[in-house]
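Please have the sequence and the model side by side as you read.

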Amino acid sequence: MSVHHVEHVMGTTVSIDLVDSHDRSLVDELVAWLYEVDEVFSPYKEHSLISRIGRGEVAPTDTEVPHDVREVLQRCGELAEATDGAFDVWSQPSPNGTRFDPCGYVKGWSVQRAAHLVRSRGVADFCINAGGDVVLGGYDHDGCPWKVGIRHPFDPQSLALVLHEVGPVAIATSGTYERGAHIVDPRTGRPSTELASATVIGPDLAQADAFATTVCVMGVEGLHWLAGQPGYSGCVITAAGRLVTTDSFNRHRAA
Amino acid sequence: MTTPHNTIGDRPIDPLLQHRLDQLIARAPLAAGSAVSPAPRLAGRRAKPARAAKLSALALSTVSTVMLAGLFAQHADNVDSIGFTTGTISDPVLPTATTAQTTPATVAATAPDTLVADGAYAGIADSNRWGNVQVQVVYSSGQITDVQIVQYPDGDNKSVRINARALPTLISESISAQRADVSTVSGATYTSVSYRVSLQSAIDNAKAAMGVGS
């Protein structure tokens, strides 16, 4: 018995797949959490806390700002520093008209939290896919490593490569083929077009997602930077369709 | 030197590759030494031999890639099943590279009229804060037969770790999801609307049809 659920939330679609579980209430809890995150963090909602912080109506240090939000803001600050400004949620054109859009971190963060919740309820084998960003626990329905396709950037109906993964692991892909060329280099304000997509594998989805965006901004050379991040590996597909990987990434590829 | 031609076959060239290639072409005579003379068939036809050489090189690069793909597929079944072909050839700069050998250095001795001695020629290393990037071209019988991005070790362990395998691979054929039997698909964030035409949507529908969950 397993549970499979699809929810349209946070402006995307989240697929939840729990192996060997029939805990519907856990799914309800996960979905409620995602809506809660959307309420607080969505830059599309005029009165969300994030929109108010972006407009300067609320300071991040105000007592009304919950711990979760502070944690996210702090991590975003650390990432801006670690990436030398290539990932900077304070320099992104935001749907609410400000320059503050933490979506690039929040989605991964919220889904990683959801994964912790699943694991804490004794479900070891699961797959949560939030708009193409994936967090995995244990093994698939056949007791085998999860087979994860990486979408072909030039063809939505096919795959560029297939990875074999045993959880816990997170896989995030950033690219220019969805939502237009939406990867903007915060340092120049211009779209990054050298890469069609960047995929990052690692222990934490929020980090992996932020790193995938970072590599997209940096270009092929971003893989050098990524290889210096302990526990993370990745690949890029250039605009011309070339695949370049970090050394450790190749261990994940299907034989 | 710049050029308006920015495709290999029907594919666009990486902007990065184009840039490095331009740098390399500008430096090609230097790399080849003073014995270099224009190839007669190119000089007779083109006002700009370097550009002509580049264009024919790009065409040949594509041809060599296809040939190598066949070569590689024969030796590694998994490459064929995954649907990739390799776009790289032998790389003397990177000793750990496991790629097809194509042009032995001895060929140079049997082809005295070639423009440039056979072998791989590295271009100018371009430094930026993420590391050094370099392009190299491979000559065979006086023609450039392949162009590849080489990321040079610069004494930094991080870079070495990438360089060991950071050889570009050409995607010539994608994998059908059905054939790959994947459980999930990672891709750039889709909207709720684009989800409907995504592979993940098809996978979710299949699970729903199987009566798994809701």
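In this predicted model, helix α1 (residues 24-41) of chain A and helix α4(A) have axes that come within 10 Å and cross at roughly 155 degrees. Angles over 145 degrees count as roughly antiparallel, so α1(A) and α4(A) are roughly antiparallel to each other. The crossing of α1(A) past α4(A) is right-handed.

Which residues of α1(A) and α4(A) meet? From α1(A) come A:Leu26, A:Glu29, A:Leu30, A:Trp33, A:Leu34, A:Val37 and A:Phe41, and on the α4(A) side they meet A:Val106, A:Ser110, A:Arg113, A:Ala114, A:Leu117 and A:Val118. By class, this contact of α1(A) with α4(A) holds ten nonpolar, one polar and two charged residues.

Now to the other pair. The axes of helix α3 (residues 67-82) of chain A and helix α4 (residues 103-120) of chain A also come within 10 Å, and their crossing angle is roughly 125 degrees. That angle makes α3(A) oblique to α4(A). Here too, the crossing is right-handed. On α3(A), the contact is made by A:Val72, A:Arg75, A:Cys76 and A:Leu79, while α4(A) brings A:Tyr105, A:Val106 and A:Trp109. The contact of α3(A) with α4(A) has six nonpolar residues and one charged residue, with no polar ones.

Here are the two pairs together:

| Helix pair | Axes come within | Crossing angle |
|---|---|---|
| α1(A) and α4(A) | 10 Å | roughly 155 degrees |
| α3(A) and α4(A) | 10 Å | roughly 125 degrees |

Methods. Residues numbered from 1 in each chain as written. Chains lettered and ligands numbered in written order. Predicted model: local features only at pLDDT ≥ 70, side-chain atom pairs only at ≥ 80, totals over all residues. Axes fitted to C-alpha atoms, helices over the stretch in contact; angles between N-to-C directions. Helix = DSSP H or I, 4+ residues; strand = E, 2+ residues; numbered from the N terminus. Parallel < 35°, antiparallel > 145°, perpendicular 65-115°, else oblique. Left-handed = near helix turned anticlockwise from the far one by under 90°. Contact = placed C-beta atoms within 7 Å. Nonpolar A, V, L, I, M, F, W, Y, C, P; charged D, E, K, R; others polar.
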